[in-house]
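Look at the fold as a whole before turning to single residues.

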Amino acid sequence: YVLINGNHNVHPFHIHVNRFQVIEMGTELSLEEYPVLKSVLDFEPGMWRDTVVVPPNGRARIWVQYKNYTGKTVFHCHFLAHEDTGMMSTLFIGEPDFTFSRWKNANIDTVIMICVGTVAFVMAVLCVVIFAKSQRPNDYSSVSTMNDVKSKVLD
């Protein structure tokens, strides 16, 4: 995940239950203008943790290890005031639910054959209807049609 902080203050990001490693951190702010950020950006690669301080106007890229747990858990900013005002969310860990797009990707050959078959069937029905209309004899039973035929013969 890439955690992005668009504010001008730090946000301690915390995940319950599962640990993660920080892969990369950065900020858009100048380290010469804000030298205290050097300590915020300093992290130990490969260290497992459950909280990371996301720098102001910055980002932290993390790798989460989902292991030995399935179900719902939460992640949030570790400032209590931020948690209480909604900077918190749930996360479901487990087998993904069925979705059509996942089924389609796994069965793309079947989807293509169904589409081709449907197009061929519609084309065949249209050909039969058009052919049937062109082969139907003219209906001369109505009075107006008979009058039209007579007038053409007399001309």
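Two strands count as paired if DSSP finds at least two bridges between them. Strands (E, at least two residues) and helices (H or I, at least four) are DSSP runs, numbered from the N terminus. By that pairing rule, E1 and E5 are joined by 4 bridges in the antiparallel sense. One of these elements supplies a partner for valine 2: its bridge partner in E5 is arginine 61.

A word on the model. It is predicted, so local features need pLDDT of at least 70 and side-chain atom pairs count only at pLDDT 80 or more, while totals for chains, interfaces and linings use all residues. Residues are numbered from 1 along each chain as its sequence is written, and side-chain values use heavy atoms, with hydrogens and water left out.

Now the whole chain. Its secondary structure comes to 5 helices and 7 strands. From the N terminus on, the order is β-β-β-α-β-β-β-α-β-α-α-α. Buried residues make up 23% of the 155 residues; buried means under 20% relative accessible area, exposed means over 50%, and partly exposed lies in between (1.4 Å probe, protein chains only). The chain exposes about 11,500 Å², and carbon and sulfur atoms supply 61% of that area. Accessible areas come from the Shrake-Rupley method with a 1.4 Å probe; for residues, only the protein chains shown count as cover. Contact means heavy atoms within 4.5 Å. Among contacts with a separation of 6 or more, 71% are between residues 24 or more positions apart.

Back to the sheets. The pair E1 and E5 belongs to an open sheet of 3 strands, in the order E1-E5-E3, with antiparallel pairing. E1 and E3 are its edge strands, each pairing on one side only. Neighbouring strands here are turned by 25 degrees against each other on average, direction ignored. For such angles, axes are lines fitted to C-alpha atoms (for helices, over the stretch in contact), and angles run from 0 to 180 degrees between N-to-C directions.

Another open sheet has 4 strands. Their order is E4-E2-E6-E7, and the pairing is antiparallel. E4 and strand E7 (88-93) form the edges, each pairing on one side only. From one strand to the next, the twist averages 25 degrees. Strand E6 (residues 71-77) pairs with E7 over 6 bridges in the antiparallel sense.

Which residues make up the largest nonpolar core? There are 12: Leu3, Phe13, Ile15, Phe20, Val22, Met25, Leu41, Val52, Val54, Ala60, Ile62 and Val64. A nonpolar core is a set of buried Ala, Val, Leu, Ile, Met, Phe, Trp, Tyr and Cys residues joined through side-chain atoms within 4.5 Å. The elements giving two or more residues to this core are strand E2 (11-15), strand E3 (19-27), strand E4 (51-54) and strand E5 (58-65). Take methionine 25 as a way in. Leaving aside neighbours within four places in sequence, methionine 25 is in contact with Val40, Leu41, Phe43, Val52, Val53, Pro55, Arg59 and Ala60.

Next, histidine 76. It is found in strand E6, and its bridge partner in E7 is methionine 88. Is histidine 76 buried or exposed? Histidine 76 counts as buried, because its relative accessibility is 4%. Its side chain makes a polar contact of 3.0 Å with that of histidine 16. A polar contact is a pair of N or O atoms within 3.5 Å; within protein, one must be able to donate a hydrogen and the other to accept it, and residues adjacent in sequence count only if both atoms are side-chain atoms. Beyond four places in sequence, the contacts of histidine 76 are Pro12, Phe13, His14, His16, Glu83, Met87 and Met88.

Finally, the loops. Valine 17 sits in the loop between E2 and E3. Its phi is positive, about 75 degrees, although it is not a glycine. Valine 17 is exposed, with a relative accessible area of 54%. Asparagine 57 lies in the loop between E4 and E5. Its phi is also positive, near 45 degrees, in a residue other than glycine. Asparagine 57 counts as partly exposed, at 23% relative accessibility.

Asparagine 9 lies in the loop between strand E1 (2-5) and E2. At 35% relative accessibility, asparagine 9 counts as partly exposed. Leaving aside neighbours within four places in sequence, asparagine 9 is in contact with Pro56 and His82. The C-alpha atoms of asparagine 9 and valine 54 are separated by 8.9 Å, with the two residues 45 apart along the chain.
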